[in-house]
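Trainee: Please pick out one part of this model and go through it closely, with the cut-offs behind each term.

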Amino acid sequence: MFDGNFPIMTLTGFPQVQALSIREKLELVDEIWKSVAPDLEAMEVSEKEKELLDQRWTDYLENPSSALTPEQFKEKLDAMRA
């Protein structure tokens, strides 16, 4: 399980992948997904992760307007990628 001690892998570290066409990148994503899918059920959610999810759910229930719309989420994500 990912515990935060691994370096974050970015596309810039893989120039061969960057050079792929969109279709080829999607095929690669599909192959990666197929390789990890059998192990997904074996992944456990830590107590710390469960607590964080519970807290976020409680925060949302107390203030539903704090949630982002899909459009707002996309804008924030696009800004982070820029």
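Predicted model: local features only at pLDDT ≥ 70, side-chain atom pairs only at ≥ 80, totals over all residues.

Mentor: Helix 2 bends by about 30° at lysine 34, a kink placed shortly before proline 38. The bend is the angle between axes fitted to the seven residues ending at a residue and the seven starting there. Residues are numbered from 1 along each chain as its sequence is written, and side-chain values use heavy atoms, without hydrogens and water.

From first C-alpha to last, its 19 residues reach 26 Å, close to the expected 27 Å (1.5 Å times one less than the number of residues).

Lysine 34, where the kink lies, also forms a salt bridge with aspartate 30, their closest N and O atoms being 3.1 Å apart (the criterion is a Lys or Arg side-chain nitrogen within 4 Å of an Asp or Glu carboxyl oxygen). Both partners belong to helix 2, four residues apart, or about one turn. An α-helix has 3.6 residues a turn, so residues three or four places apart point the same way. The structure holds three salt bridges.

Among the lining residues are Leu28, Ile32, Trp33 and Val36. The lining as a whole has nine nonpolar residues, no polar and one charged.

Note on methods: 1 Å grid on protein atoms, 1.4 Å probe; cavity = no way out; pocket = protein on both sides within 12 Å on 5 of 7 lines; lining within 4 Å. Nonpolar A, V, L, I, M, F, W, Y, C, P; charged D, E, K, R; others polar. Helix = DSSP H or I, 4+ residues; strand = E, 2+ residues; numbered from the N terminus.
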